[in-house]
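Subject: Structure for your review

Dear colleague,

Please find below the structure that I am handing over to you. I would be grateful if you could look through it alongside the notes that come after it.

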Amino acid sequence: MTKFSMVLCLLCFFAASSTHAKKASLAEISSYLEQHKVLTAKFVQINYDGSRADGKIFLKRPGRLRFEYQDPNNIIVLVAEKRITIFDYKSNSQPTSYPVSNSPLSLLLNDEIDFTKNSMVLDHSYDGSLTRVTLNNPEHQEFGQITLMFEQDPLRLSQWQVTNQVGEQILVLLNELKYDVLMYDTLFNITFNIEKWKER
């Protein structure tokens, strides 16, 4: 998998599967995301070429997110300090960094989220099983879009799909979702993680 693919993966987290009775409203979805600003989960990422990657995700809003990819990838993708930084533990190349504003991921890392008052929502639909909300940054549509998919009873974000500007899609499914988990700030500290990478 290329590093570009890994950056795209940042636009994906959460998972599970079941059936639901109705479409969740934008107000309900916004309230859910507002309530759960700290969480962790295991994920399975299905890439546009059919390849698979497994790992664990850590989210601490506002502004912080960490993906830990298991073997054979051995990559950490860290979102902090308004940057996306990729640490490749199999390479001697220096960690690479990109502005988080270049990714639809930035839409989900704000301290406050209210989809009822925001022009980022492109579509809000229900397929008989999942409520889907498609988002993009109206000021940077060239960076693609993300579709969040929610289960209900109880409401939870079960998966998401990222579509880039050329139509390639990455799907991420998560399980073992846990809320309000204690997370140390070193998980998201770029300088600390660079030093750990050097010591590998």
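The notes below set out what was found, beginning with the overall layout and moving on to individual residues.

Please bear in mind throughout that this is a predicted model.

Overall layout

The chain contains three helices and eleven strands. Their order along the sequence is α-α-β-β-β-β-β-β-β-β-β-β-β-α. The chain has 200 residues, of which 48% count as buried. Among the contacts in the chain with a separation of 6 or more, 56% are between residues 24 or more positions apart.

Aromatic rings

How many aromatic pairs are there? The count comes to five. In one of them, F43 and Y69, the ring centres are 5.3 Å apart and the planes stand at 80°; an angle over 60 degrees counts as edge-to-face, so this pair is edge-to-face. F43 belongs to strand β1 (residues 38-46) and Y69 to strand β3 (residues 64-69), so the pair ties together parts that are 26 residues apart in sequence. Both F43 and Y69 are buried.

Y69 also forms an aromatic pair with F67. This pair is stacked, with 6.4 Å from centre to centre and 25° between the planes. F67 counts as buried because its relative accessibility is 0%. For Y69 the relative accessible area is 5%, and Y69 is therefore buried, the limit being under 20%.

Elsewhere, Y32, F150 and Y179 are linked into a cluster by ring pairs.

Charges over rings

Two arginines are placed over aromatic rings. R64 has its charged end over the ring of F188, 5.9 Å from the centre of that ring. R200 lies over the face of W197, and here the distance to the ring centre is 4.0 Å.

A buried arginine in a loop

R61 is found in the loop between β2 (52-60) and β3. Is R61 buried or exposed? R61 has a relative accessible area of 7%, so it is buried. Leaving aside neighbours within four places in sequence, R61 is in contact with L33, E34, H36 and K37, and also with L108, L109, N110, D111, E112 and I113. As for L33, it is 28 residues from R61 in sequence, while the C-alpha atoms of the two are 9.9 Å apart in space.

Backbone features

Most residues other than glycine have a negative phi, and most peptide bonds are trans.

A cis peptide bond is found between D71 and P72, with omega at about 5°. P72 sits in the loop between β3 and β4 (75-80). N73 is found in the loop between β3 and β4 as well. With a relative accessible area of 13%, N73 is buried. The C-alpha atoms of N73 and A53 are separated by 7.6 Å, although the two residues are 20 residues apart along the chain.

The peptide bond from D153 to P154 is also cis, and its omega is near 0°. P154 is located in the loop between β9 (145-151) and β10 (156-163).

Which positive phi values are found at K82 and D180? K82 is not a glycine, yet its phi is positive, at about 65°. It lies in the loop between β4 and β5 (83-88). Since its relative accessible area is 71%, K82 is exposed. D180, again not a glycine, has a positive phi of about 55°. Its place is in the loop between β11 (169-179) and α3 (190-198). D180 has a relative accessible area of 60%, and D180 is therefore exposed.

The second largest pocket

The volume of the second largest pocket is about 190 Å³. Its lining is made up of G63, V79, A80, K82, R83, V100, S101, S106, L107, L109, N110 and N137. By class, five of these lining residues are nonpolar, five are polar and two are charged.

Yours sincerely

How values were computed
Residues are numbered from 1 along each chain as its sequence is written. This is a predicted model: local features need pLDDT of at least 70, side-chain atom pairs count only at pLDDT 80 or more; totals for chains, interfaces and linings use all residues. Side-chain values use heavy atoms; hydrogens and water are left out. On a 1 Å grid over the protein atoms alone, a cavity is a set of points where a 1.4 Å probe fits but cannot get out, and a pocket is an open set with protein on both sides within 12 Å along at least five of seven lines; lining residues have an atom within 4 Å of a point. Grid points are joined across faces, edges and corners, and a volume is the space filled by probe spheres set on the points. Ala, Val, Leu, Ile, Met, Phe, Trp, Tyr, Cys and Pro count as nonpolar, Asp, Glu, Lys and Arg as charged, and the others, Gly among them, as polar. Rings of Phe, Tyr and Trp (its six-membered ring) pair if their centres lie within 6.5 Å; planes under 30 degrees apart count as stacked, over 60 as edge-to-face and the rest as tilted. Helices (H or I, at least four residues) and strands (E, at least two) are DSSP runs, numbered from the N terminus. Buried means under 20% relative accessible area, exposed over 50%, partly exposed in between (1.4 Å probe, protein chains only). A charge sits over a ring if NZ of Lys or CZ of Arg is within 6 Å of the ring centre and within 35 degrees of the ring normal. Contact means heavy atoms within 4.5 Å.
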